[in-house]
Amino acid sequence: AGRFYQHAPTETSQATLASVSPVFAVMKFDKTGNTTYFEKKKTELYQELGLQARDLRFQHVMSIATRNNRIIIRMEYLKAVITPEFLLILDYRNLSLEHWLLNELASQLAGEGQLVTYSLPFEFRAIEAILQYWISKLQGRLNTLQPQILETLEALVDPKLLSVDRSKLHILLQNGKSLSELETDVKVFKETILEILDEEEVIEELCLSKWTDPQVFEESTSGIDHAEEMELLLENYYRQAEDLLNEARELRVLIDDSESIIFINLDSHRNVMMRLNLQLTMGTFSVSLFGLIGVAFGMNLESSLEEDPRIFWLVTGIMFLGSGLIWRRLLSFLGRHLDPPLPPHVPPVLKKSQPAAGRVEIKTSLKGETFGLNRSTLTNQ
């Protein structure tokens with residue numbers, strides 16, 4: 001009785017955990033493209049597939065692995081299990097994913113699409129369809145970002161603008177962040193494929209029909225190397241990911257160069273404003289300097305000069321003329337110290353009308369001198 005009471009809580013807890021196990025919404029595709037939908041618990045699904053519970057955790061953001069002659073693929077929200085007979089898409093209830101599943105994937109698996117591997121076993125078509133879908137999604141994101149970034153940069157780099165539109169900068173910041181996320185996703189995709197290409201055993205394991213179908217095994221032994229075909233398939237999408245990453249990097253370099261140009265334009269306009277402010281300050285100083293004469297005559301002190309009517313015009317002329325001369329001298333001093341220096345004198349290039357015979361004689365004499373020098377050196381040695 002003691003043993004019974006000890007085991008009873010354990011069995012009850014196991015039953016409770018089994019009853020609350022997650023349920024997968026599954027879409028199944030067979031070799032002919034027929035589609036079926038069903039829901040199944042995780043425990044029942046991995047038992048039917050001959051897998052372990054950890055194989056369906058999908059803990060990685062992106063991975064391609066083989067377990068018990070099954071291919072398990074995770075592309076972020078895309079979860080798939082490939083067998084030699086059918087393809088399972090788990091948790092397919094996604095708007096963009098449903099469009100691809102219903103309109104393209106079934107025909108591709110049936111051999112009606114434009115897949116290169118339509119003549120190869122079923123797992124080749126399934127892997128190519130998934131890789132093609134994912135690389136097209138990445139390319140679509142880049143095609144959406146590229147015109148937006150180019151349009152924003154064109155508006156920001158205009159040298160006529162004295163200030164930068166903050167709304168454009170905000171848009172550029174958001175697009176730059178999206179571009180960084182795209183670069184990260186492409187790098188992860190490329191590294192995932194590269195890890196498989198570096199392991200010959202994994203490539204062999206991806207060829208499921210080679211180990212289950214006797215006809216396919218005979219073809220592989222007679223000259224059709226399915227492992228090589230799988231490697232070429234993965235290399236193709238690796239190159240596409242590399243090209244996509246290079247395009248994203250070029251766009252990133254363009255953003256960095258445009259930011260430098262924006263800063264240069266802003267510095268140039270700032271320098272113009274600072275120079276104008278300095279010129280006005282010099283003008284104010286010049287006027288204030290000769291304005292002391294007017295201050296001296298405005299102290300209401302009696303002298304014989306205020307009785308002459310021509311003194312007013314004479315003093316006013318001296319004030320304006322002196323202020324103008326002082327301002328002009330200050331501007332010339334400013335120009336000498338702020339203007340860029342003249343470029344250094346470049347000596348004239350040798351004339352090309354030198355006769356060919358002269359050049360031949362010079363070359364011959366140089367060769368003779370060099371040969372004689374080498375010969376005398378060898379003799380001394």
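This is a predicted model: local features need pLDDT of at least 70, side-chain atom pairs count only at pLDDT 80 or more; totals for chains, interfaces and linings use all residues.
**A walk along the helices and their surface patches**

Helices α5 (166–197), α6 (200–206) and α9 each supply at least two residues of a negative patch. The residues that form the negative surface patch are E191, E195, D198, E199, E200, E201, E205, D225, E228, E229 and E231. Take D198 as an example: its place is in the loop between α5 and α6. Is D198 buried or exposed? With a relative accessible area of 54%, D198 counts as exposed, because the cut-off for that word is over 50%.

Now let us follow helix α9, which covers residues 226–297. UniProt, in an unreviewed entry, lists residues 227–261 as a "coiled-coil region". In the model, the span 227–261 is 100% helix and 0% strand, and its end C-alpha atoms lie 51 Å apart.

Helix α9 also holds L289, a residue that takes us to another kind of surface. Together with F285, L292 and V295, L289 makes a nonpolar surface patch of about 390 Å². L289 has a relative accessible area of 38%, so this residue is partly exposed.

One last stop is helix α4, made of residues 122–156, where you will find Q132. Q132 is partly exposed too, as its relative accessible area is 27%.

Technical notes
Residues are numbered from 1 along each chain as its sequence is written. Side-chain values use heavy atoms; hydrogens and water are left out. Patches are made of residues with over 30% relative accessible area and no salt bridge: like charges are joined within 9 Å, nonpolar side chains (Val, Leu, Ile, Met, Phe, Trp, Tyr) within 5 Å. Accessible areas come from the Shrake-Rupley method with a 1.4 Å probe; for residues, only the protein chains shown count as cover. A salt bridge is a side-chain nitrogen of Lys or Arg within 4 Å of a carboxyl oxygen of Asp or Glu. Helices (H or I, at least four residues) and strands (E, at least two) are DSSP runs, numbered from the N terminus. Buried means under 20% relative accessible area, exposed over 50%, partly exposed in between (1.4 Å probe, protein chains only). Lys and Arg count as positive and Asp and Glu as negative; His and the chain ends are not counted. The place of a charge is taken as NZ of Lys, CZ of Arg, CG of Asp or CD of Glu. UniProt positions are given in the numbering used here, feature names are shortened, and annotations may be inferred rather than shown by experiment.
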